[in-house]
Each structure stands twice: as structure tokens, then as C-alpha cells.
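The points move from one loop to the overall architecture, and then to the packing of side chains.

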Amino acid sequence: SWGSLAASIFATTVPGVSCMMSLDGSEFHHYGSSADEDKEFDSTRYSPVFKTLQPEQSYMRLQTAPEQRQKAGDSIFNFITKLPGKSQVVTISNARHEDFTCLAQVVPESGNCKDSSFYRSISNHTISFLTGHLLPAE
């Protein structure tokens, strides 16, 4: 899925967008897993639109620990290099990519699955960031 990458590009074209939030999203690309995906990502990365992209919104990324995903010889496109404004990356240790969806919380509550605190932690970080950027200052 390239949803996070597409949303990051789209957010720079919409007036009034004050922040961007990424939940282990595709705007950071990890090369080496699939040659086809690498090629598709590069077609966007080297496009005229992306080359001139300069988001000014505040940005926060919650992510899994990179060392868990990285293979020998792997490289990562770091979206932070496109951001001249405030940016923040928070790593949720021991979390998996699927912990960044509500399924990690819904499934344990509906059956005898092991509970995970990752979703609550990710939700709290997300709500705090969005509250700080979307609600008017008091």
C-alpha cells in the first residue's frame, strides 16, 4: 500500500493542512524486499512532483524498530529529508507493522488472543500530537 506516501504528497496541495501523522507508513521506503516495489517507489520518488515537494506542515511518524525490518544490504528512503519544518520520529520498540491498526486491539477483545499494549501507546501518541496541532491554543 502506498497510502501514506500518497497522503503526504496530497497534504502539500491542500490549503490549511497543519500537520501530517504517519503510522509506520509507506513514505519511508525500505529497499530490498521486492524489486517491483522498489521500482514503483522510485517512479514516485524521482517524479517531478515529488522532487519539488517541500511540505511545511509539522510531521510525526510512529514506527516499528528499524533493526527488526532491515536486512543486510537494505537501504531506507528517509522522508524526513523532505521536511524543512518540525518533524518527530518515535519508535515503538517490539511493535510490528500490524500493531499500527485497530485490529491489534479489536481481535484480542473479541476472543482469547494475547493482549498487546502497543495499540494503546500508539493511540496515545497519535491523539497527543493531533490535539496539539489541530485544537486552538487556550
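Predicted model: local features only at pLDDT ≥ 70, side-chain atom pairs only at ≥ 80, totals over all residues.

1. Asp-24 has a relative accessible area of 5% and is therefore buried, the cut-off for that class being under 20%. The residue is part of the loop between β1 and β2.

2. Asn-94 is located in the loop between β5 and α5 (residues 103-110). Is Asn-94 buried or exposed? With a relative accessible area of 56%, Asn-94 is exposed, since the class begins over 50%.

3. The loop between β1 and β2 (residues 29-30) also holds Ser-26. Ser-26 has a relative accessible area of 13% and so counts as buried. A polar atom of the Ser-26 side chain lies 3.1 Å from the backbone nitrogen of Leu-5. Leu-5 is itself one of the buried residues of helix α1.

4. As to the overall architecture, the chain contains six helices and five strands. Read from the N terminus, the order of elements is α-β-β-α-α-β-α-β-β-α-α. The chain has 138 residues, of which 35% count as buried. Its accessible surface comes to about 8,500 Å², with 55% belonging to carbon and sulfur atoms. Of the contacts between residues at least 6 apart in sequence, 74% join residues at least 24 apart.

5. Helix α1 spans residues 3-11, and its buried residues are Leu-5, Ser-8, Ile-9 and Ala-11. Why do they lie on the same side of α1? They cover an arc of only 165° around the axis, which places them on one side of the helix. The partners against which these buried residues pack are β1 (19-23), α2 (35-45) and α3 (48-51).

6. The largest nonpolar core comprises 13 residues, and those with the most contacts inside it are Met-20, Phe-50, Tyr-59, Phe-77 and Phe-79. Helix α1 gives the most to this core, namely three residues. Apart from this core lies another, of nine residues, including Leu-62, Ala-95, Phe-100 and Ile-122.

7. The surroundings of Phe-77 may be listed separately. Neighbours within four places in sequence being left aside, Phe-77 is in contact with Glu-27, Phe-28, His-29, Tyr-31, Phe-41, Arg-45, Phe-50 and Lys-82. Phe-77 also belongs to an aromatic cluster together with Trp-2, Tyr-31, Phe-41, Phe-50, Tyr-59 and Phe-79.

8. How many aromatic pairs does a search of the whole structure find? The search finds six. Phe-50 belongs to helix α3 and Phe-79 to the loop between β4 (76-77) and β5 (87-92), so the pair ties together parts that are 29 residues apart in sequence. Phe-50 and Phe-79 are both buried.

Definitions and conventions:
Residues numbered from 1 in each chain as written. Heavy atoms only, no water. Buried < 20%, exposed > 50% of the residue type's maximum accessible area, 1.4 Å probe, protein only. Helix = DSSP H or I, 4+ residues; strand = E, 2+ residues; numbered from the N terminus. Arc of directions from axis to C-beta. Contact = heavy atoms within 4.5 Å. Areas by Shrake-Rupley, 256 points an atom, 1.4 Å probe, with all protein chains shown as cover. Polar contact = N/O pair within 3.5 Å; in protein donor to acceptor, adjacent residues only side chain to side chain. Core = buried A, V, L, I, M, F, W, Y, C linked by side-chain atoms within 4.5 Å. Phe/Tyr/Trp six-rings, centres within 6.5 Å; stacked < 30°, edge-to-face > 60°.
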